[in-house]
Amino acid sequence: MSETAEKTPLVGIIMGSKSDLPVMEGATSELESLGVPYELVIASAHRTPDKVHEWAASAADRGMKVVIAAAGKAAHLGGVVAAFTPLPVIGVPMKTSDLGGLDSLLSMVQMPSGVPVACVAINGAKNAAIYATQILGATMPEYRAAVEKLKAEMAEA
């Protein structure tokens, strides 16, 4: 168990399918390296909508501050989560065999007014984690410092 796993999760990661897990390990690894506690759940907007609703609606009350939602194809998960939570939602469109992830990307970025979902690149799990940490850093100095350190390390590489 990592040190961050013992703290209240600040970032919720939800993905539509177990098959998304290898890509989303980029987000979990990055959050762990930045010291950000997270929770991960697999729930589909189409196959388990009640589970998605319950998880998203309770996320803020459980202490989360940001949600990362990964989905492929129709990729409605980020929008459904955004409909049920006041928290910022970052979408990770998953690469697909049909259209290479363009289907996922367009599903995520074409949200109706009033239900925003920020969106990173196709399979952009690592950037989603960094962006979530930047959002936390707006009000939590330890996460701002973690992002500043990351950027300094990238500049030296």
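Good morning. First, the ground rules. The model is predicted, so local features need pLDDT of at least 70, side-chain atom pairs count only at pLDDT 80 or more, and totals for chains, interfaces and linings use all residues. Residues are numbered from 1 along each chain as its sequence is written, and side-chain values use heavy atoms, with hydrogens and water left out.

Let's start with the fold. How many helices and strands are there? The protein chain has 6 helices and 5 strands. Both are DSSP runs, numbered from the N terminus: helices are H or I with at least four residues, strands are E with at least two. Read from the N terminus, the order is β-α-β-α-β-α-β-α-β-α-α.

Next, the overall dimensions. The C-alpha atoms fill a box of roughly 40 × 35 × 35 Å along the principal axes. The radius of gyration is 15 Å, which agrees with the value near 15 Å for a compact globule of 157 residues. That radius is taken over C-alpha atoms, and the globule rule is 2.2 Å times the number of residues to the power 0.38.

Of the 157 residues, 44% count as buried. Buried means under 20% relative accessible area, exposed means over 50%, and partly exposed is in between, with a 1.4 Å probe and protein chains only. The chain exposes about 8,000 Å², and carbon and sulfur atoms supply 55% of that area. Accessible areas come from the Shrake-Rupley method with a 1.4 Å probe; for residues, only the protein chains shown count as cover.

What about contacts? A contact means heavy atoms within 4.5 Å. Take the contacts with a separation of 6 or more: 68% of them join residues 24 or more positions apart.

On to charge. The chain has 12 positive and 16 negative charges, and their mean positions are 3 Å apart. Lys and Arg count as positive, Asp and Glu as negative; His and the chain ends are not counted. Each charge is placed at NZ of Lys, CZ of Arg, CG of Asp or CD of Glu.

Some of these charges pair up. How many salt bridges does a search of the whole structure find? It finds 5. A salt bridge here is a side-chain nitrogen of Lys or Arg within 4 Å of a carboxyl oxygen of Asp or Glu. I'll show you three of them.

One joins Arg62 and Glu39, with the closest N and O atoms 2.9 Å apart. This pair links distant parts of the chain, 23 residues apart: Arg62 is in the loop between α2 (49–59) and β3 (66–71), and Glu39 is in strand β2 (residues 38–42). Arg62 is partly exposed at 32% relative accessibility. Glu39 is partly exposed too, at 22%.

Another joins Asp98 and Lys73, at 2.4 Å from N to O. Asp98 lies in the loop between β4 (89–93) and α4 (102–109) and Lys73 in the loop between β3 and α3 (77–84), so the pair ties together parts 25 residues apart in sequence. Is Asp98 buried or exposed? Asp98 is exposed, with a relative accessible area of 51%. Lys73 is partly exposed, at 42%.

Then there is Glu148 with Arg144, where the closest N and O atoms are 3.4 Å apart. Both lie in helix α6 (residues 141–156), 4 residues apart, about one turn of the helix. Glu148 is partly exposed at 46%. Arg144 counts as exposed at 53%.

Back to Lys73 for a moment. Its phi is near 60°, a positive value in a residue other than glycine. Ala75 also has a positive phi, about 50°, and is not a glycine. Ala75 sits in the loop between β3 and α3. It is buried, with a relative accessible area of 3%.

Follow the chain into α3. Which residues are buried there? Leu77, Gly78, Gly79, Val81 and Ala82 are. The buried residues of α3 pack against β1 (11–15), α2, β3 and β4.

Glu30 counts as buried, at 9% relative accessibility. What does Glu30 touch, leaving out residues up to four places away in sequence? It touches Lys126, Ala129, Ile130 and Leu150.

That's my tour. Thank you.
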